[in-house]
Amino acid sequence: MSLSTIKAPATLALLGGGQLGRFFVHAASELGYKVIVLDPDPDAPAGQIAASHIVANYDDPKALAQLAQQCTAATTEFENVPAAVLEQLALTMPVAPAATAVSIAQDRVREKNFLRSNGFNTAPFIAVEKTDDLNHATDELFPALLKTARFGYDGKGQVQVTSIDEAKTAQREFGTPCVLEKMLPLELEVSVVLARSATGECSCFPLAENSHHNGVLDITVVPARTSPELQQQAENMAKELASKLSYVGVLTIEFFISDGQLLINEIAPRPHNSGHYTLDGCVTSQYEQQLRALCGLPLGAASLHSSAVMVNLLGDQWFDDSSEESREPDWPLLHQIPNLKLHLYGKRSPRRGRKMGHFTVIDQDGTAAFATAMAARKAIGIQD
Ligand code: ADP
Ligand code: MG
């Protein structure tokens with residue numbers, strides 16, 4: 001079904017109930033909409049605050065029938081929802097993003113082939129559908145990362161390899177299709193979050209500069225500390241990519257900057273951790289844009305009203321080095337900082353490496369925002 005304006009108080013279906021979904025539920029309720037979350041996890045952060053939470057698998061026929069009956073439109077916050085489920089929902093209601101775009105973004109082989117065939121630069125790679133495909137790997141590809149085609153996130157499902165033999169062993173252990181990708185020296189990682197409406201209107205949030213720790217996003221600095229030319233180039237590439245995908249909704253493009261060149265690393269068919277800063281630093285958040293694109297409302301202003309530095313809070317902060325017993329971090333230390341916004345996701349069990357929350361420092365002065373964020377990080381014991 002095609003997208004037309006969907007007015008509040010319509011009920012919207014959200015596939016996936018993580019923190020990205022929780023912020024979507026906030027944005028939707030602020031504009032008077034209701035959200036039904038489908039997520040198999042009874043404790044899902046978005047499920048806790050939605051109008052209702054269906055605890056079932058994404059392809060559960062009864063759950064999908066209920067969504068079809070009660071919802072006016074559907075979106076997703078999780079790229080691993082089976083594309084067939086989005087297709088099925090699209091028989092009875094508008095769905096954004098569409099199954100076709102999600103099916104490309106959720107599979108690294110399809111994603112990288114799509115990028116290459118549309119002329120976008122990526123790190124050199126080969127697709128590895130079966131182990132013997134690795135015989136085609138040339139010496140220039142090494143050292144490399146072998147990444148599973150599906151279900152990898154936060155650096156999981158990837159391993160460094162230095163030879164064809166090592167890559168073969170790793171691929172047999174994964175036991176699934178993979179991509180083998182050259183490890184590049186990275187000057188910087190940046191991302192563009194954009195929203196595109198059904199009419200083709202496209203709006204990019206400012207370029208975000210991301211640093212990772214152990215494959216997990218750690219800090220996002222906005223505006224990115226890069227040249228205006230490079231920022232413009234990233235935005236142009238992002239818009240062109242969204243248009244080639246005929247994309248509707250919020251799309252994130254992760255870039256590497258290597259040897260002065262912008263390369264596309266991967267895309268996510270949803271709001272993104274590196275776009276959390278838009279909640280506090282922008283006129284419209286990435287989550288409100290997702291709602292606006294889905295419901296056929298005009299897109300809001302994506303401009304930055306202050307510099308922003310976002311810091312992820314992982315479950316590690318809930319544990320002392322010596323103890324396996326968890327405890328809450330010392331939040332009053334953060335509450336004391338007036339231009340720091342703390343967001344906790346309501347996850348009941350902290351685990352090391354699990355994303356539990358984040359904070360964003362906003363300041364007219366980017367250098368001051370960064371200094372405050374680093375001091376706050378240190379105060380609650382985050383190690384560099
Ligand atoms: P995920 O789905 O886990 O985010 P990514 O492909 O984005 O997977 O990899 C996670 C991180 O690992 C990247 O943000 C980057 O820091 C590092 N990385 C991934 N691929 C490469 C590469 N080809 N060269 C150098 N670093 C890489
Ligand atoms: Mg990534």
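Which of the 19 residues around ligand 1 come nearest? They are Lys-147, Gly-155, Glu-181, Glu-189 and Asn-265, where a residue counts as near if one of its heavy atoms lies within 4 Å of the molecule. This is a predicted model, so to speak: local features need pLDDT of at least 70, side-chain atom pairs count only at pLDDT 80 or more, and totals for chains, interfaces and linings use all residues. Residues are numbered from 1 along each chain as its sequence is written, chains are lettered from A and ligands numbered from 1 in the order in which they are written, and side-chain values use heavy atoms, with hydrogens and water left out.

The shell around ligand 1 draws on both domain 2 (124-182) and domain 3 (188-379), so the ligand lies between them; the domain bounds come from an automatic or database assignment. Strands S6 (144-148), S8 (178-182), S13 (249-258) and S14 (261-268) each hand over at least two shell residues. Strands here are DSSP runs of E, at least two residues long, and helices are runs of H or I of at least four, numbered from the N terminus. By class, the shell has six nonpolar, five polar and eight charged residues, with Ala, Val, Leu, Ile, Met, Phe, Trp, Tyr, Cys and Pro taken as nonpolar, Asp, Glu, Lys and Arg as charged, and the others, Gly among them, as polar.

As for polar contacts (pairs of N or O atoms within 3.5 Å), a ligand 1 nitrogen sits 2.8 Å from a polar backbone atom of Lys-182. Ligand 1 oxygen atoms also pair up with side-chain N or O atoms, at 3.3 Å for His-212 and 3.2 Å for Glu-254. On its own, ligand 1 has 540 Å² of accessible area, and the protein covers 89% of that (Shrake-Rupley, 1.4 Å probe).

Then there is the second largest pocket, lined by 27 residues, with Leu-314, Asp-316, Gln-317, Ile-382 and Gln-383 nearest its centre. A pocket is an open set of points on a 1 Å grid over the protein atoms alone, fitting a 1.4 Å probe, with protein on both sides within 12 Å along at least five of seven lines; lining residues have an atom within 4 Å of a point. The lining splits into eight nonpolar, eight polar and 11 charged residues.

On the backbone, cis peptide bonds turn up from Ala-8 to Pro-9, with omega near 10°, and between Phe-142 and Pro-143, with omega about -5°. Pro-143 is in the loop between S5 (125-128) and S6.

Note on methods:
A polar contact is a pair of N or O atoms within 3.5 Å; within protein, one must be able to donate a hydrogen and the other to accept it, and residues adjacent in sequence count only if both atoms are side-chain atoms.
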